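Here is a short report on a structure with several chains. Take a look at the model, then read on.

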Amino acid sequence: MENLEALVHGFGIALSGNHIFLMVIGVLLGILVGVLPGLGAPNGVSLLLPLTFGMQPVSAIILLSSMYWGALFGGSVTSILFNIPGEPSSVATTFDGYPMARDGRPTTALATAFGSAAFGALAGVVLITLCASWVAQVALAFGPPEYFAVYFLAFASFVGMGGSPPVKTLVSLAIGFALAAVGIDTVSGSVRLTMGIDEMVKGVSFVVAVMGLFGIGELLIAVEEEFHVKAISSKVEWREVFRTLAGLPRYSWALLRSAAIGCWMGITPGGPTAASFMSYGIAKRLSPRRANFGKGEPEGIVAPEAADHAAGTSALLPMLALGIPGSATAAVMMGGLMIWGLNPGPMLFVEQKDFVWGLIASMYLGNVVAVVLVLLTVPIFAALMRVPFFIIAPVIVILCTVGAFSVSNSYLDVMLMMGFGVLGYLFKKLHYPLAPLVLAIVIGDKAEDAFRQSMLMSRGSLGIFFAKPLVTTLILLGAALLLMPVIWRTIARMMQGSQVKP
Amino acid sequence: MVSGRSLESATALITGAFGAAVAVSSLDNGIGWSAAGVESGTFPFIVGLVILAGSVFNLVQGWLHARAVVLGPSELRRIALLFVPAAVFVGIIPLIGMCPAAALYVFGALAWNKRGSLLVAALAAIGSALALYLIFEKTFQISLPRGVLGALMGF
Amino acid sequence: MSQKPKFAAIAFGLSIGLTGAANAAWQPAKPIEFIATAGPGGGTDNFARAVQNIITKYKLVEQPIVVVNKAGGSGAEGYTYTKAMAGDPYKIVFGTSNAWTQPMVSKVAYNYTDLTPIAAMVQDEFLLWVKQDAPYQNVQDFLKAVAAKPAGDFKMGGAQSKDTDETLTRMIDKAAKVKFVYIPFKSGAEAAVQLAGGHVDAHVNNPSESIGQWKGSTQRPLCAFSPQRLPDGPKVTATQNWHDIPTCAESGLAISQFQQPRTVWLPGKVTADQAAFYVDLMKKVQATPEWKEYIERTSQTDTFLTGDAFSKFIKDDIERTRKVAADEGWLIAN
């Protein structure tokens, strides 16, 4: 109850005209950087940071975190409309969001995404409000073996499902792992897999790979198969937005499950990307409509979006409570905290009550502001689908090019992106799944680091993964998820067998 | 005309070559166990072998089971119409810089489709170059490539 | 080491340039790019942005300044990029001692001799940290506990591999005749959290990386690797400030000095005038109150090495690091 009192006090701080204005500015800028591929919340935060030095710390963090919310929402827009995920965590949204938009229902797809995202974010904030200090303790229990177990769990829940040929899935996953290993290796400090190109020491950026594989690859598929986006009525479809939102409670089980997965992965070091993939994978296994997944099933949008935002929100907690930045954006914000003379860490909650609870209150308000603004933009974005293909195609190529370039001001990345485009086309054409590749690029090297750190700690004994209850549970859970499809099939076959017998 | 067989084979050869390159270049980093733990080449080496083995499997599978024709002449023409201008756009960036290249690309794409006048195409081209400049260069302070031309003009 | 004469020549050119800095002939005529060899929020990024803020605030340069992060490959991305920009006086790269230590231990495509040294502007300190509830109250107790256990039972966390943290760990090994297992993490902040969770036994973080954890009573410093105690200042915890922490040398761990310089470089092949302009600029930055405030906030030590002093510093540091690296078998054949 102490927390609730503090929260009410926090609302008192956050609810001023000035702060609401800052939220609107922050959210709008966030949507802009979220929508533009290549730019992300870190760009926006580092752009705004110098402007905030004159402000009160509370006002400054409200501005920056609002931008973070805006960018989280904006990242889903391009995923759904053009199959270009702006952030790693919106990749899973493309699986059903893009087919739905292509099917002539961009408004429904966007509204579903935003509605479930808002639910996920609110679940994350409620978690922070109610059990902040407990959550911080949970995060501390994670050492390298536990990190590895969490990544293993994420892979296990996602791989091993889906209709692609198993060997093609394996090749795609392994290519992702290899790409993740390019550059300097954290554990040994040595340079790996640069193939004689000096600049490759920086590694292969996720954004570059995804712009090519998804953006350019999909564009090539689109011209080749000569599909036409189904005609969309030119009316602004407000009613559709509301109807979609009103229909969301039908997915309440999926929403709750996804928010829970998201919160769990946000607190543990899994992060939003692993959360959204895992949530999608689990939804696809459990949903009664699993056959529709990948063809524009609303639950396939609900699951990754709710988990992504729940994780993105609850990931701010370890940053404040422990001083671990969970993402690049959080790292920039942490730099900001220090410039304002605040030290992220366990004492922040004790010493800076006003600041912390003002921030938490602003998370509630900021999300509400973000949802309202972003829903207002739905018809505008949906209208983009009506732009003729011969205009939109060069625009997508230019945006992917600038996006790939701006990751690290490198022309090599642009050429890599085009190469990934061709690869993406071939893979899609020949039914190689792209998702395992992307998941492996994002968390492959982290999983490898965690494994090798564990091996250093145990001096080469795999027993470390069974030494403590937490890590053992996670590993067993992962193994169970990995084997589940096989077990299901066996059970199903046995059932059929017994039915056939009289 | 491209047959399913050749497309499958080509892809399997690309992935296989990548796998082989990964495995071979990991040998430089050392594989196995050393005083500093699992050596840095171990994991990529295994991954490289997996890619290689999988590609060989896919090569055989593709050869045996692929559909006869997947890309006819009209499909190839459409792909070329999208991909060639895009590749030219990317190719001329180091020469004339990002914004001029984008302007030429947009102008070319609109003019080729012959819907609307050349004036509209020119305006759209200048507009998109300007938008790029204002958003990326001015607002987010990302210095876009100037190209050889930009360097000559002293930007 | 064949590049030595060239390096000395540049340093010599610098000192000439310095004397005439007041009426330096060269002025920047277009926007300047600051390249931070670390990700947003890291120590090097904060350093570059602090310099940028001061220059912008006092309008020390007419041209706009943009900070670009090139953090890939533990900073190698930024240095490699700068090497390719030889002769361009509008690219300033901000880094640490990794400019010369990284090429010793990994096959990166640059060496510090490809760059023009401008200055080392600040030294970050290192301390030895243990978990708050650890039984040892001083370095002696701690090292005794380490020596009593079989070699490799105590785990030292740190940022990156074969970089400053691991070098310092190996120096402690030697000085105290013990053997730590070194577990590399991505950053010092990560190592600090691992210590708070009890997954490692110690780390050697910079003050700014662990001040929050110290305040929050999850970990505490045993000693500082500096020649004298850190400067007096406000209390960090209820009872202690940085000055209350003994130096490692005075508490019986014979490593009297280990610091991390924050360095500034231009690409190679720039003119002496251009280099002199930036040396002068950095001097002006260092004289501002905002700079003092930055130093205090991050508990670093103010310093300004340029010209011969800087090259001597690099030479000494290379010698020391090479010794450790050679013993550990890290050196790569060039």
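What distance separates the centres of domain 1 of chain C and domain 2 of chain C, taken over C-alpha atoms? The two centres are 28 Å apart.

## Ground rules

This is a predicted model: local features need pLDDT of at least 70, side-chain atom pairs count only at pLDDT 80 or more, and totals for chains, interfaces and linings use all residues. Residues are numbered from 1 along each chain as its sequence is written, while chains are lettered from A and ligands numbered from 1 in the order in which they are written.

## Domains of chains C and B

Chain C splits into domain 1 (4–123 + 260–328) and domain 2 (127–244). Such bounds come from an automatic or database domain assignment. Twelve residues of domain 1 of chain C and 13 residues of domain 2 of chain C make the contact between them. Two residues are in contact if their C-beta atoms, placed from the backbone, lie within 7 Å.

On the domain 1 side, α4 (98–105) and α11 (307–328) of chain C each give two or more residues. Helices (H or I, at least four residues) and strands (E, at least two) are DSSP runs, numbered from the N terminus. That side of domain 1 of chain C has two nonpolar, nine polar and one charged residues. Here Ala, Val, Leu, Ile, Met, Phe, Trp, Tyr, Cys and Pro count as nonpolar, Asp, Glu, Lys and Arg as charged, and the others, Gly among them, as polar.

Chain B also has two assigned domains: domain 1 (2–71) and domain 2 (82–152). Their C-alpha centres lie 38 Å apart.

## Where chain A meets chain B

In this interface, 46 residues of chain A touch 49 residues of chain B. Several helices of chain A give two or more residues to its side, among them α8 (166–181) and α20 (435–458). By class, the chain A side holds 31 nonpolar, seven polar and eight charged residues.

## Two helix pairs in chain A

Two packed helices are described by the angle between their axes and the distance between the axes. α8(A) and α20(A) pack at about 50 degrees, with axes 7 Å apart. Axes are lines fitted to C-alpha atoms, for helices over the stretch in contact, and angles run from 0 to 180 degrees between N-to-C directions.

Next comes the pair α6 (residues 106–140) and α10 (residues 238–247) of chain A, at about 45 degrees with axes 9 Å apart. α6(A) and α10(A) are therefore oblique to each other. Angles under 35 degrees count as roughly parallel, over 145 as roughly antiparallel, 65 to 115 as roughly perpendicular and the rest as oblique. Among the residues in this contact are A:Thr107 and A:Gly115 of α6(A), and A:Glu240 and A:Leu245 of α10(A). The contact has three nonpolar, five polar and one charged residues.

## A sheet in chain C

Which strands stand at the edges of the sheet? Five strands form an open, mixed sheet in the order β7-β6-β8-β5-β9 (chain C). β7 (181–185) and β9 (219–224) of chain C are at the edges; each has a single partner strand, so one side of each lacks a neighbour in the sheet. Strands pair if DSSP finds at least two bridges between them.

Strand β6 (residues 155–159) of chain C runs parallel to β7(C), joined by five bridges. C:Ala159 stands opposite C:Phe185 in β7(C). α20(A) packs on this sheet, touching β6 and β7 of chain C. Helix α8 (residues 207–215) of chain C lies across β5 (127–131) and β9 of chain C, at about 140 degrees to β9(C).
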